[in-house]
Amino acid sequence: WEKEQNKLKIALTSGTLSHKQVLKDFIYPVLLETLEEYPEVELIIVGHIHLPSSFTKFSSRIHSAPFTSYSSYLNLLKQASIALVPLEVHPTTDAKSAIKWMEASMCGVASICSPVKAYTDVTTDQKDVLIASNLDEWRACLHALIEQPEKRQALAQRAYEAATRQF
């Protein structure tokens, strides 16, 4: 898979299983709506994520890769225009690093992240990231980045600059 002008790819990646509830409550419903509403959208799923059967009708637009090498992961991430970075808001996730945002940013990909300290401490909402904490916010952020390519590209550029400055 490569970046294509007429396709918009959304990456959802996971190295751990610490996202189950946020995936079920927010991400899966928003992704299903998005695939239904935007025929140009495709998904790149990497890691420990098993999509529910409700995604089956969109299987031709979903590329799933199991947990893979780091270089393969980054190559897949570079093909995306948007990265979804959901985490449970919990004291244990506050101790996580901002690596998923950093990786996406260094790959030139705009991110939507959960409001955990790992991300809010190193990013600025609406400048180099979009922060979403509930179903409506995830939907609004994703739709804004799909419908406003200039906003998506500007956010990705500022995120790249912030990530290279900080890391």
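Reading strands, helices and salt bridges in a predicted model

Leu12 stands opposite Leu84 in β4.

User: What kind of model is this, and how are its residues numbered?

Analyst: This is a predicted model, where local features need pLDDT of at least 70, side-chain atom pairs count only at pLDDT 80 or more, and totals for chains, interfaces and linings use all residues. Residues are numbered from 1 along each chain as its sequence is written, and side-chain values use heavy atoms, with hydrogens and water left out.

User: How are strands and their pairing defined, and in what order do the strands form the sheet?

Analyst: Strands (E, at least two residues) and helices (H or I, at least four) are DSSP runs numbered from the N terminus. Two strands pair if DSSP finds at least two bridges between them. Here six strands make an open sheet with parallel pairing, in the order β3-β2-β1-β4-β5-β6. Its edge strands, β3 and β6 (130-131), each pair on one side only.

User: Which strands does β1 pair with, and over how many bridges?

Analyst: β1 pairs with β2 in the parallel sense over seven bridges, and three bridges join β1 to β4, again parallel. Leu8 has Val41 as its bridge partner in β2.

User: Where do the side chains of a strand point, and are those of β1 buried or exposed?

Analyst: In a regular strand, side chains alternate between the two faces of the sheet. Buried means under 20% relative accessible area, exposed over 50%, and partly exposed in between (1.4 Å probe, protein chains only). From β1, Leu8, Ile10, Leu12 and Ser14 point one way, Lys9, Ala11 and Thr13 point the other way, and all are buried. With seven of its seven residues buried, β1 is therefore largely enclosed by the rest of the structure.

User: How do helices α1 and α2 lie on the sheet?

Analyst: Axes are lines fitted to C-alpha atoms, for helices over the stretch in contact (heavy atoms within 4.5 Å). Angles run from 0 to 180 degrees between N-to-C directions. α1 lies across β1, β2 and β4 and runs at about 160° to β1. α2 packs on the sheet, touching β1, β2, β3 and β4, and its direction makes about 165° with that of β2.

User: Which residues of α2 are buried, and what do they pack against?

Analyst: In α2 (residues 70-78), the buried residues are Tyr73, Leu74, Leu76 and Leu77. Seen down the helix axis, they fall within an arc of 160°, so they line one face of α2. That arc is taken from the directions from the helix axis to the C-beta atoms. The buried residues of α2 pack against β1 (8-14), β2 (41-47), β3 (62-65), β4 (82-85) and α4 (99-106).

User: What counts as a salt bridge, and how many does the structure hold?

Analyst: A salt bridge is a side-chain nitrogen of Lys or Arg within 4 Å of a carboxyl oxygen of Asp or Glu. The structure holds six. One of them joins Glu42 and Lys7, whose closest N and O atoms are 3.8 Å apart. Glu42 lies in strand β2 and Lys7 in the segment before β1, so the pair ties together parts 35 residues apart in sequence. Glu42 counts as buried at 8% relative accessibility, and Lys7 as partly exposed at 27%.

User: Which residues are linked in a network of salt bridges?

Analyst: Glu33, Asp136 and Arg139 are linked in this way. Glu33 and Arg139 have their closest N and O atoms 2.7 Å apart. That pair links helix α1 (residues 20-37) to helix α6 (residues 135-147), with Glu33 and Arg139 106 residues apart. For Arg139 and Asp136, the closest N and O atoms are 2.8 Å apart. Arg139 and Asp136 are three residues apart in helix α6, so about one helical turn separates them. Asp136 is exposed, with a relative accessible area of 53%.
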